[in-house]
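Colleague: I would like to learn how to read the features of a protein model, one at a time. Could we take each general idea and then look at the case in hand?

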Amino acid sequence: MFFFMDTQTQLFLFTSILLFFLANAMHGVLGKDGFGVIGNLIVIATGFYIGLWLGRYYGLSIRDFEIGVLAGLTGSFMSLLSLSVMKALLNRL
């Protein structure tokens, strides 16, 4: 079934499955300061693509696999960190 898909579609499906597991783990870690599993998934996926865009904007060669993954993961965790800290601060005010 998966052999009939092109490489980009297979990578997208594999990445979305990994992001779901990562979002589920972050839900267990963050608890009520997080956004739930689906909310964490959306924040992490959006941050990943923003990290790739910012890496390309600042001149990183994101065609290199290691640099692209590093830029994407940095963007995803920074977006999750900043939104979780803002939510925690607003809940405690």
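Predicted model: local features only at pLDDT ≥ 70, side-chain atom pairs only at ≥ 80, totals over all residues.

Colleague: Which residues make the nonpolar surface patch?

Modeller: A patch is built from residues with over 30% relative accessible area and no salt bridge, where like charges are joined within 9 Å and nonpolar side chains (Val, Leu, Ile, Met, Phe, Trp, Tyr) within 5 Å. The areas come from the Shrake-Rupley method with a 1.4 Å probe, and for residues only the protein chains shown count as cover. Here Ile 17, Phe 20, Phe 21, Ile 38 and Ile 42 make a nonpolar patch of about 510 Å². Helix 1 and helix 2 are the elements that give two or more residues to this patch, and the largest share, three residues, comes from helix 1.

Colleague: How many residues does helix 1 have, and what span is expected for it?

Modeller: The expected span of a helix is 1.5 Å times one less than its number of residues. Helix 1 has 24 residues and reaches 34 Å from its first C-alpha to its last, close to the 34 Å expected. Just after helix 1, Gly 31 takes a positive phi of about 65°. Within helix 1, Leu 19, Ala 23 and Met 26 are buried, and the buried residues of this helix pack against helix 2 and helix 3, where a contact means heavy atoms within 4.5 Å.

Colleague: Which residues of helix 3 are buried, and what covers them?

Modeller: Helix 3, residues 65-92, has 28 residues and reaches 40 Å from its first C-alpha to its last, close to the 40 Å expected. Its buried residues include Gly 68, Ala 71, Gly 72, Gly 75 and Ser 79, and what covers the buried residues of helix 3 includes helix 1 (7-30) and helix 2 (36-57). Ser 79, for instance, is buried at a relative accessible area of 17%, and it touches Val 43 and Gly 47, not counting residues up to four places away in sequence.

Colleague: How many aromatic pairs does the structure hold, and how is such a pair described?

Modeller: A pair of aromatic rings is described by the distance of the centres and the angle of the planes. Rings of Phe, Tyr and Trp (its six-membered ring) pair if their centres lie within 6.5 Å, and planes under 30 degrees apart count as stacked, over 60 as edge-to-face and the rest as tilted. The structure holds four aromatic pairs. In one of them, Phe 48 and Tyr 49 have ring centres 5.8 Å apart and planes at 90°, so this pair is edge-to-face. Phe 48 is buried at 17% relative accessible area, whereas Tyr 49, at 45%, counts as partly exposed. The rings of Trp 53 and Tyr 57 have centres 5.7 Å apart and planes at 20°, so this pair is stacked. Being four residues apart in helix 2, Trp 53 and Tyr 57 are separated by about one helical turn. Trp 53, Tyr 57 and Tyr 58 form one aromatic cluster.

Colleague: Which side chains meet in a salt bridge?

Modeller: A salt bridge is a side-chain nitrogen of Lys or Arg within 4 Å of a carboxyl oxygen of Asp or Glu, and by this rule the count comes to one. The side chains of Asp 33 and Arg 92 meet in it at 3.4 Å, N to O. Asp 33 lies in the loop between helix 1 and helix 2 and Arg 92 in helix 3, so the pair ties together parts that are 59 residues apart in sequence. Asp 33 counts as buried at 18% relative accessibility, while Arg 92, at 55%, counts as exposed.

Terms used:
Residues numbered from 1 in each chain as written. Heavy atoms only, no water. Buried < 20%, exposed > 50% of the residue type's maximum accessible area, 1.4 Å probe, protein only.
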